[in-house]
Structure formats: C-alpha cells, structure tokens
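Dear colleague,

Please find the structure that I am handing over to you below. My notes on what was found in it follow directly after.

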Amino acid sequence: METNFLPFLIGVGIFGGMGAVIRGLVSNWSGRLPYGILAVNSVASLVAGFAAAALSAAPENDPKAQLIYVVVVAGFCGGLSTFSSFAANTVELIRQGRAIMAAINAALNFILPVIAVVLGVLLASSLLK
Amino acid sequence: MKLDNKIIGLTFAGGALGSMLRYGLDFLTPNNLVLLFVVNILGAALLGFVAARGEKFTDAARSFWGTGVAGGFTTMSAVALWFAVEGAFAQWAFSMVATMFILGLLAYFGAHKLTQKLSR
C-alpha cells in the first residue's frame, strides 16, 4: 500500500466522481447501439493508455508521479468508464431479440477500448520524446 | 431522467464512493485480474438489482446507486489496459476477458431476475 494512503483515496474519489458525472451526461446517447457508453469506455481507455506510458518514464518511487497515475487511471478513467452499464445494455439488447447487435456491442466494447489504449500509449510516446 | 443539480451531485457522490471502494479493494486482492473480476461482476449485479427495482427507486436513488456507485465501482478502461499491458494481447488474456464479459452479463441478468422475483 502506498505511503500516505489517504491523499490517494481522496484523489480517486474526487476524480472518480467527476468521471461518473461526465458518463452520466453522455450515457443517454444511443441509437442502434448504446454509443454513449461505448464512447466513454473508449475515451477513458485512451487517457489510461496515455497516462500509463507518460508516467512510466517517471522514477518508480516518485510520490507525485504515483499520485497522478493513481488519480488519473484508477480515479478519472475508472469513474468515466463502466462495465456495469455495458452489461445492462447488452442484456437489454438480447431481451429485445437483437442478439447480433448485442454481440456487436460486446465486441466493440472490447476492441475499441483496447485500440484506444494502444493509441494513448503511442500518442504519449510521440509527444513526450 | 432530468439532470438537475441534485442528480448531478448524487451521481458525483456515488461515483466517488464506487471508485474509492474499487481502489480500496485493490489492496485486498492478489492481482489486478482478480480485482477486475470482483468489481465488474459485483458491480453488474448491483446495477441489475437497481434496474429491477424500477419505479420503486427514485431518479435520485438510481443516479446514486446505478450511475454512481455501480458505474464508478466497475471499469472497462482497466480491463483494456490490463489486456494490453499485463495480458500482452495473449490468447489466455482474451479468454479471461471473454469469461469476465459472460459472467458480468449473467450477474446483471441473475440479479435482475432474482430481485424481480423477490419483489413480487
């Protein structure tokens, strides 16, 4: 456990709450698929990939870098992205008899965030050379 | 749902609580993969419960427990980051994520059904 656990916990709470509010504002964006949730999951993954690559260059025992990493990745990105709404949306698509759209939703909620992580890492690597 | 200051405040509070619970659990689980399974399956079940309560839950309660706590407790960005970094795009890592997705859907569906049954 990090020394000074409390600042990490408070930072995760504040930034997690901010992420949740942004997610709440865009989660109603929906068409044939729940695009809002797909968008927040992808954007959060992009930011997480960027932060992971950007802060990997910092010294391992740098407390400020650790705090920023935890607050951004566990706090903001964790609060912005969601698995529960993805599960709910996919089950609802199945219930509506739209099994193919449910499968596409599941596939996109895996593929797009993974691509976003890779893009985030590449972006950080190119910007922070 | 009308997005007024109360709903936004409750979503913030729930998201903060869910995120802090997830962060705290990080220290009680042996590795990131176990953490992701635990938070995502429990969080999906919580949302299944909230959704099944329907009209019995006010907009405020749904914002706090559903969008806030369940949404903040679960995470997809950490799954993607884990798959790319720790899982290194391996086939076993893909199997783990696929298993998590299936269990998450079952958790939501099961909690929804069970809550509806118990509410009758």
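Two residues are in contact if their C-beta atoms, placed from the backbone, lie within 7 Å. By that criterion, and leaving aside its neighbours within four places in sequence, B:Met20 is in contact with A:Leu9, A:Val12, A:Gly13 and A:Gly16.

A word on conventions. This is a predicted model, in which local features need pLDDT of at least 70 and side-chain atom pairs count only at pLDDT 80 or more, while totals for chains, interfaces and linings use all residues. Residues are numbered from 1 along each chain as its sequence is written, and chains are lettered from A and ligands numbered from 1 in the order in which they are written.

The two chains

Helices (H or I, at least four residues) and strands (E, at least two) are DSSP runs, numbered from the N terminus. Chain A has 5 helices and 0 strands, and chain B likewise comes to 5 helices and 0 strands. Along the principal axes, the C-alpha atoms of chain A fill a box of roughly 50 × 30 × 25 Å; the C-alpha trace of chain B spans about 45 × 30 × 25 Å.

A residue is termed buried if 20 or more other C-beta atoms lie within 10 Å of its own, exposed if 12 or fewer, and partly exposed in between, with C-beta atoms placed from the backbone. Buried residues account for 51% of the 129 residues of chain A and for 50% of the 120 residues in chain B. Of the contacts in chain A with a separation of 6 or more, 76% are between residues 24 or more positions apart; the corresponding share in chain B is 78%.

Where the chains meet

The interface brings 42 residues of chain B into contact with 43 residues of chain A. On the chain B side, helix 1 gives the largest share, 12 residues. That side divides into 25 nonpolar, 16 polar and 1 charged residues, where Ala, Val, Leu, Ile, Met, Phe, Trp, Tyr, Cys and Pro count as nonpolar, Asp, Glu, Lys and Arg as charged, and the others, Gly among them, as polar.

B:Met20 counts as buried because 24 other C-beta atoms lie within 10 Å. B:Phe73 is 53 residues from B:Met20 in sequence, yet their C-alpha atoms are 7.8 Å apart.

The nonpolar core

A nonpolar core is a set of buried Ala, Val, Leu, Ile, Met, Phe, Trp, Tyr and Cys residues joined through C-beta atoms within 7 Å. The largest one has 78 residues, and A:Val47 and B:Tyr108 have the most contacts inside it. Helix 2 of chain A supplies the largest share of this core, 13 residues. Apart from neighbours within four places in sequence, the contacts of B:Tyr108 include A:Ala87, A:Ala88 and A:Val91 in chain A, as well as B:Ala44 and B:Leu47 in chain B.

Helix 3 of chain A

This helix covers residues 63-80, and its 18 residues should span 26 Å at 1.5 Å a residue; the end C-alpha atoms are 24 Å apart, which agrees. The expected span is 1.5 Å times one less than the number of residues. Helix 3 of chain A bends by about 25° at A:Val72, the bend being the angle between axes fitted to the seven residues ending there and the seven starting there. Its buried residues include A:Tyr69, A:Val72, A:Phe76 and A:Leu80. Among the elements that cover the buried residues of this helix are helix 1 (5-26) and helix 2 (35-56) of chain A, and helix 3 (59-73) of chain B.

With kind regards
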